[in-house]
Amino acid sequence: MPTFAGVFAHPDDDAYGIAGTVALHADDPDFRFVLVHATDGDQGDIRPGFPATRDTLGAVRRAEDEAGWRAVGRSPDRHEWLGLPDGGVSGVPFGALVDAIWEVLADERPDVVCTFGPDGIFGHPDHVAVGAATDAAFARGVGDGGPGFRRLVHGVIPQTVFERWNTQRAALGLEIFDPSAMYHMRGVPDETVDIWVDTSSVADRTVAGLLEHRSQHHVIFDEPIDVDRWRRVVTREWHTIAWPSRDPGRSFLTDVFDGLT
């Protein structure tokens, strides 16, 4: 049974990074989906008028994430919330963070693990910390000689895509992303991207999942929300392969399991 594990910092990180890939495998009876969140996002923004408080936001966002996966059409077979401090994951002792992630991965022995790369996509310290700790936990799995742990991938945005999106944003009068700024999207060189997944056939399901994150609409979407534009945005997902290494000049893959036998 091929197992895919996603390890992320906050509810909604998963909604824009792997939802399309999961939806493409949703009807495969042999596919197992494991999801780990370091935090419940309880320190996130609460937009004016939204029915949540600082005390309730974490529970609201957990429920939104679960509803999002139901909208995608494939809920996780296992979903772990590590309960770490939102906005403070980088302050958790690194060994303790690795141990918490390893506990889940050691039990599941996933074939493919997806997390953040060193840039965290948005430079968020929580993202960067979770990605680094997941890399270290994955290395334990590779080193212990047991099954699974066949590929480690990092979610990324190719530089040419990043630049095209910024051009489009400028034309629409929207704020453009500054890759040197915290919490702004950044790209990676196209030649470092190993997996280009065509998710256009499930774009409606990905957007439906994103729309369930109602408390964070003002963070996820540009307002007013343009659903048609977002369907176009989510027609691809991209990853670099962090392990094992690939030969320079190799052709890109089209799925996270592509090439694994």
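This is a short tour of one predicted model, stop by stop, with something to select at each.

Before you start, note that residues are numbered from 1 along each chain as its sequence is written. In this predicted model, local features need pLDDT of at least 70 and side-chain atom pairs count only at pLDDT 80 or more, while totals for chains, interfaces and linings use all residues; side-chain values use heavy atoms, with hydrogens and water left out.

**Stop 1: H3 and H4**

Select residues 94-108, helix H3, and residues 125-143, helix H4. Helices here are DSSP runs of H or I with at least four residues, strands are runs of E with at least two, and both are numbered from the N terminus. The axes of H3 and H4 lie 8 Å apart, at an angle of about 55°. Each axis is a line fitted to C-alpha atoms, for helices over the stretch in contact, and angles run from 0 to 180 degrees between N-to-C directions. H3 and H4 are therefore oblique to each other (under 35 degrees counts as roughly parallel, over 145 as roughly antiparallel, 65 to 115 as roughly perpendicular and the rest as oblique). Their crossing is right-handed, meaning that the near helix is turned clockwise from the far one by less than a right angle.

Now show the side chains at the contact (heavy atoms within 4.5 Å). On the H3 side they include Phe 94, Leu 97, Ile 101 and Trp 102, and on the H4 side Ala 129, Ala 133, Ala 137 and Arg 140 are among them. By class, this contact has 12 nonpolar, two polar and two charged residues. Ala, Val, Leu, Ile, Met, Phe, Trp, Tyr, Cys and Pro count as nonpolar, Asp, Glu, Lys and Arg as charged, and the others, Gly among them, as polar.

**Stop 2: along H4**

Stay on H4 and colour by accessibility. Its buried residues include Asp 126, His 127, Val 130, Thr 134 and Phe 138 (buried is under 20% relative accessible area, exposed over 50%, partly exposed in between, with a 1.4 Å probe and protein chains only). What do the buried residues of H4 pack against? Select strands S1 (3-8), S4 (112-116), S5 (151-156) and S7 (236-243), together with H3.

**Stop 3: Cys 114**

Move to strand S4 and pick Cys 114. At 1% relative accessibility, Cys 114 counts as buried. Its contacts beyond four places in sequence include Phe 4, Val 7, Ile 18, Val 153 and His 239.

**Stop 4: H2 and H6**

Next, select helix H2 (residues 57-72) and helix H6 (residues 203-211), whose axes come within 7 Å and cross at roughly 160°. That makes H2 roughly antiparallel to H6. Here Gly 68, Ala 71 and Val 72 of H2 meet Arg 205, Ala 208 and Gly 209 of H6.

**Stop 5: backbone details**

Which peptide bonds are worth a click? The one from Glu 223 to Pro 224 is cis, with omega near 0°, and Pro 224 sits in the loop between helices H7 (217-220) and H8 (227-233). Another cis bond runs from Trp 243 to Pro 244, with omega near -5°; Pro 244 is in the segment after S7.

Finish with Arg 109, in the loop between H3 and S4. Arg 109 is not a glycine, yet its phi is positive, about 50°.
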